[in-house]
Amino acid sequence: MPPLKHFGEGLLRGLKITARHLGRKWITVQYPEQKLTMSRRVRGTDIIWDRESCISCRACERACPVGAIKMEVSRGEDKKLKTDDITVDLGLCIFCGLCIESCPTGVSIYIGYNYANTTYRCTHCATDKSGTSPSNGHCGELIRSNDELLPNDAVRPRSGYYRPERAGELPPQTLLVYQTTYGEDRRRKKESR
Amino acid sequence: MDWLHFAVFTLILFAFVISGVLFFIWYERRGLGRFQMRPGPNRAGPFGLLQPVADAIKVLLKEDIVPTLADKPVHFLAPLVAFVPAMAVFAVIPFGDGALLADLNIGILYIMAISSVIVIGIFMAGWGSSNKYSLLGAMRTIAQEVSYEIPLVLSILGAVMLAGSLSLNDIVKAQDVPFVLLQPLGFLIYMTAALAEINRTPFDLLEADSEIVAGFQTEYSGMKFGLFYLTEYAEALSVSAIASTLFLGGWSGPAFLPGFAWLIIKIIAVFTFIIWVRATFPRLRIDQVMSFCWKFLLPLALINLVVTAVLVLSGLNDSPWIAIPFNLLLAAVLIVGLSRQFRTGGGHAST
Ligand code: SF4
Ligand code: SF4
């Protein structure tokens, strides 16, 4: 007589697994209110450029191994270089960080790790000619909202990858496998007490 | 005062079914969320309770699009043909001793007859849309529902034989012991076949979104789509109600709660099981669905029918302390025995 299986025990096993999932905590977060901690090893999600400090030397454009950065630079009336336009093709960017290393000012271009890479139509901010966004004043294009554009290097959020000395203080990567059932939670709490 | 009874009870039934459907939509989405470790809808109102209302408003405000090539009268009538029977089923469900719209002495037969009409509505929808996906879904439904009707009826017959009546009210009154204990196999067969009848996962072939867009609903929008949606949940509600009435004792229960409260509790319990099944099983292929019905469920239902007849005639079922273990054992033996004969060639194939 063959072993007693294949009577639909797979169905029962499946039901058991889903029933066990019932007691588990949510693995999703309520996005605008809650955010998952970004991994301390994340290399970035966005290239952010700062018009105020940039000296339009084009070093970043030359340094980029994939040619993701395109700049248009002209000499203004006061013989100073100024950036007319800069675009970073994030589809090409490999987040290697070479543009950052090459930047002589050290703070003009950097990799941000924004949660939301929102873009706006330029027409939405037609009145805002003094803003710091790339492509400002060039209508019809998508421009980026760089909410991380902070002048101070110390408070500017960067991922731990670029600040190895601080990486240890950053919260650890949120790994979903850490999620447990309520029962397991209570048991673990009791054991640790 | 017959007409008064009818008018008032019809209103009550409408209110019950509509609010039940709204609750079920919310309950299913929240429940599925919990099974999948996510919160489910939780933005509209406390606990997302207003989500079905928001959905309903959205559906009502949508444009009603009719395809150019559609068979217009059929396309228009299909949601109604599907919805009315789903509603009419509730006429014979007892909410308390004698508290039902019409105490037909052929209640269960009436349910079977009426609920088969829903298939026609679905096929009309598939045909009238003149869309290949709609028609594919509708064809699958016909094949599936006509087949599953047979084990469904056979499984119900067990309960009918035990009660000796076709009236649902009498069947409830006959249950000193809930029939699920005397008819465990019948209950399982009924639940499986009913899931196929109302096209729920794992038998949701007619609207298999990953294969045929949305099946028969593809070309429906606005209120007509809303009616189909309503039909789907009204059917789920009716199946839960029938299962609770036939096998779980219906409105009977300890006296500290009124009868309809017991019925509602049982309906929710059965529906929870349906959600559980939906959260667990993947969809079957159409050939698997058909062979499962004809090669597995039908013989099982027939054997169950014969065995129940013998048990009723021999009077063994009158002494529950012998009958319950015996029936449970019998169900286990029959399921194991028959599944040794049944191979779909799926993951377990060892030909
Ligand atoms: S991070 Fe690397 S690839 Fe991306 S823009 Fe800078 S240099 Fe180019
Ligand atoms: S390297 Fe720095 S300073 Fe030079 S153009 Fe690029 S961002 Fe500006």
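Patches are built from residues with over 30% relative accessible area and no salt bridge, joining like charges within 9 Å and nonpolar side chains (Val, Leu, Ile, Met, Phe, Trp, Tyr) within 5 Å. Accessible areas come from the Shrake-Rupley method with a 1.4 Å probe, and for residues only the protein chains shown count as cover. A salt bridge is a side-chain nitrogen of Lys or Arg within 4 Å of a carboxyl oxygen of Asp or Glu.

In this predicted model, local features need pLDDT of at least 70, side-chain atom pairs count only at pLDDT 80 or more, and totals for chains, interfaces and linings use all residues. Residues are numbered from 1 along each chain as its sequence is written, chains are lettered from A and ligands numbered from 1 in the order in which they are written, and side-chain values use heavy atoms, leaving out hydrogens and water.

One nonpolar surface patch consists of Leu50(B), Val53(B), Ile57(B), Leu60(B), Leu61(B) and Met223(B). Together these residues have about 580 Å² of accessible area. Helix 2 of chain B (residues 51–61) gives the largest share, 4 residues. Helices (H or I, at least four residues) and strands (E, at least two) are DSSP runs, numbered from the N terminus. Val53(B) sits in helix 2. Its relative accessibility is 38%, so Val53(B) counts as partly exposed. The classes are buried (under 20% relative accessible area), exposed (over 50%) and partly exposed (in between), with a 1.4 Å probe and protein chains only.

## Salt bridges

Over all chains, the count is 6 salt bridges. Arg200(B) and Glu28(B) form one of them, at 2.2 Å from N to O. This pair links distant parts of the chain, 172 residues apart. Arg200(B) lies in the loop between helix 8 (184–197) and helix 9 (209–212), while Glu28(B) is in helix 1 (residues 2–35). Both Arg200(B) and Glu28(B) are buried. A network of salt bridges links Glu28(B), Arg200(B) and Arg278(B).

Arg29(B) bridges to Asp55(B), with the closest N and O atoms 2.9 Å apart. Here helix 1 of chain B holds Arg29(B) and helix 2 holds Asp55(B), 26 residues apart. Arg29(B) is partly exposed, at 31% relative accessible area. Another salt bridge joins the side chains of Arg283(B) and Asp204(B), at 3.0 Å from N to O. Arg283(B) is in the loop between helix 11 (259–280) and helix 12 (286–314), and Asp204(B) is in the loop between helix 8 and helix 9, so the pair ties together parts 79 residues apart in sequence. Arg283(B) is partly exposed at 24%. Asp204(B) is buried, with a relative accessible area of 11%.

## Two loop residues of chain B

Leu166(B) is in the loop between helix 5 (132–163) and helix 6 (168–173). Its relative accessible area is 29%, so Leu166(B) is partly exposed. Leaving aside residues up to four places away in sequence, Leu166(B) touches Asn105(B), Ile106(B), Gly107(B), Ile108(B), Val160(B) and Ile171(B). A contact means heavy atoms within 4.5 Å. Leu166(B) and Asn105(B) are 61 residues apart in sequence, yet their C-alpha atoms are 5.9 Å apart.

Ser130(B) is in the loop between helix 4 (107–128) and helix 5. Ser130(B) is not a glycine, but its phi is positive, near 45°. Ser130(B) is partly exposed at 40% relative accessible area.

## Chain A

Chain A has 5 helices and 6 strands. Along the sequence, the pattern is α-β-α-β-β-α-β-β-β-α-α. Chain A has 193 residues, of which 32% count as buried. Among its contacts between residues at least 6 apart in sequence, 65% join residues at least 24 apart. Chain A exposes about 12400 Å², and carbon and sulfur atoms supply 56% of that area.

Ser56(A) lies in the loop between strand 1 (46–49) and helix 2 (59–63) of chain A. Ser56(A) is buried, at 3% relative accessibility. Ser56(A) is a non-glycine residue with a positive phi of about 55°. Beyond residues up to four places away in sequence, Ser56(A) touches Val73(A), Leu81(A), Lys82(A) and Thr83(A).

## Ligand surroundings

A residue is near a molecule if one of its heavy atoms lies within 4 Å of it. The residues surrounding ligand 1 include Cys64(A), Cys93(A), Cys96(A) and Cys99(A). That shell has 10 nonpolar, 1 polar and no charged residues. Ala, Val, Leu, Ile, Met, Phe, Trp, Tyr, Cys and Pro count as nonpolar, Asp, Glu, Lys and Arg as charged, and the others, Gly among them, as polar.

Ligand 2 is surrounded by 13 residues. The closest are Cys54(A), Cys57(A), Arg58(A), Cys60(A) and Cys103(A). The shell around ligand 2 divides into 10 nonpolar, 2 polar and 1 charged.
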